[in-house]
Amino acid sequence: MKKNTRLNLTFSLILFLLASCAPKTVTADPATLINQAVIATLAAMPTTAPASPPTPYPSPTPFSLAGLYCEYQFCIGHPTGMAFYDHHASLDQLNPSNYNNGFLIAYQLPDLLINFIWLQSPDTADPKFLLDTMLDDQLDTMTGSMDIKLVRGMNVIYTPIATSVSPILPFGGVGAWTCGDRVFAWKAYTPLAETASPLFEEALSRFTCGQN
């Protein structure tokens with residue numbers, strides 16, 4: 001019996017030591033998750049044939065925002081030919097986006113990459129904190145003044161950006177707004193500086209969340 005007792009104590013000690021050495025779960029910063037998702041999405045994009053010799057940029061071709069994404073009790077316009085996918089679900093199918101918070105990504109090679117996030121934040125009138133979350137301090141730089149306005153009862157802010165996230169998508173824009181008890185944020189990376197703002201305006205014009 002004494003021998004069995006010593007064996008049991010030894011085994012328990014080993015289990016305790018193994019448990020104490022196990023890595024601890026760390027909650028990642030949302031901005032870091034967004035940056036990682038963007039880089040992973042760009043890396044996963046199929047490559048195109050080698051480009052021809054440089055030529056002057058053509059005038060921007062307007063995107064058709066006939067597409068409409070509706071889920072999680074909101075709708076938002078997006079260009080046809082591309083669709084949002086749930087980044088949370090791609091990381092863990094058991095924990096997709098929901099009403100309280102979410103993260104969507106859509107892209108259209110080689111012209112456009114859109115991120116869209118939301119967060120339940122009752123009584124929050126200023127959406128700037130979520131716009132700041134969308135901006136990557138190391139990759140994104142605001143290139144203009146922040147536009148602040150009221151759209152259908154929603155507090156909306158927007159700013160154009162330049163970015164080093166990809167040589168084919170060096171420009172873009174970031175916007176955020178409040179609707180009901182949630183704050184929403186939208187970011188697009190584009191090849192031309194003048195493309196993002198019209199995209200944001202049209203996407204927002206088709207946005208509804210049951211409160212507006």
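What is the angle about the S-S bond in the link of Cys179 and Cys209? It comes to -80°, and the link is left-handed. More on that pair in Figure 1.

Before you zoom in: this is a predicted model, with local features needing pLDDT of at least 70 and side-chain atom pairs pLDDT 80 or more, while totals for chains, interfaces and linings use all residues. Residues are numbered from 1 along each chain as its sequence is written, and side-chain values use heavy atoms, with hydrogens and water left out.

**Figure 1. Cys179 is joined to Cys209 by a disulfide.** A disulfide here is a pair of cysteine sulfur atoms within 2.5 Å, and these two sulfurs sit 1.8 Å apart. The bond brings together distant parts of the chain, with Cys179 in strand 9 and Cys209 in the segment after helix 5, 30 residues apart. (Helices are DSSP runs of H or I with at least four residues, strands are runs of E with at least two, and both are numbered from the N terminus.) Cys179 has a relative accessible area of 4%, so it is buried. Cys209 comes out at 8%, so it is buried as well. (Buried means under 20% relative accessible area, exposed over 50% and partly exposed in between, using a 1.4 Å probe and protein chains only.)

Figure 2. The link of Cys70 and Cys75 is right-handed, with 120° about the S-S bond. Cys70 has 42% relative accessibility, so it counts as partly exposed. Cys75, at 16%, is on the buried side of the cut-off. Count the bonded cysteines of the chain in sequence order and the pairing reads 1-2, 3-4.

**Figure 3. Aromatic rings pair up across the chain, and here are two of the 17 aromatic pairs.** Tyr72 and Trp118 make a tilted pair, 5.3 Å centre to centre with 40° between the planes. Tyr72 lies in the loop between strand 1 (67-71) and strand 2 (74-78), and Trp118 is in strand 5 (residues 112-120), so to speak a link between distant parts of the chain, 46 residues apart. Both Tyr72 and Trp118 are buried. The rings of Phe74 and Phe116 have centres 5.4 Å apart and planes at 55°, so that pair is tilted as well. Phe74 in strand 2 and Phe116 in strand 5 are 42 residues apart, another link between distant parts of the chain.

**Figure 4. Phe116 sits in the largest nonpolar core, which has 28 residues.** Phe116 is one of the residues with the most contacts inside this core, a list that also includes Phe74, Ile76 and Trp177. Several elements each supply at least two residues of the core, among them strand 4 (101-108), strand 8 (154-163), strand 9 (171-179) and strand 10 (182-190). Helix 5 gives the most, with five residues. A second, separate core of 18 residues includes Leu130, Ile157, Val165 and Tyr189. (A nonpolar core is a set of buried Ala, Val, Leu, Ile, Met, Phe, Trp, Tyr and Cys residues joined through side-chain atoms within 4.5 Å.) Phe116 has a relative accessible area of 0%, while Phe74 has 2%. Beyond four places in sequence, Phe116 touches residues including Gly102, Leu104, Met134 and Ala185.

**Figure 5. Thr159 is a buried residue in strand 8.** Thr159 has 0% relative accessibility. Leaving aside neighbours within four places in sequence, Thr159 is in contact (heavy atoms within 4.5 Å) with Met142, Gly144, Ser145, Met146, Gly173 and Val174.

**Figure 6. The whole chain has five helices and 10 strands.** Buried residues make up 40% of the 212 in the chain. Of the contacts between residues at least 6 apart in sequence, 53% join residues at least 24 apart.

Definitions and conventions: Rings of Phe, Tyr and Trp (its six-membered ring) pair if their centres lie within 6.5 Å; planes under 30 degrees apart count as stacked, over 60 as edge-to-face and the rest as tilted.
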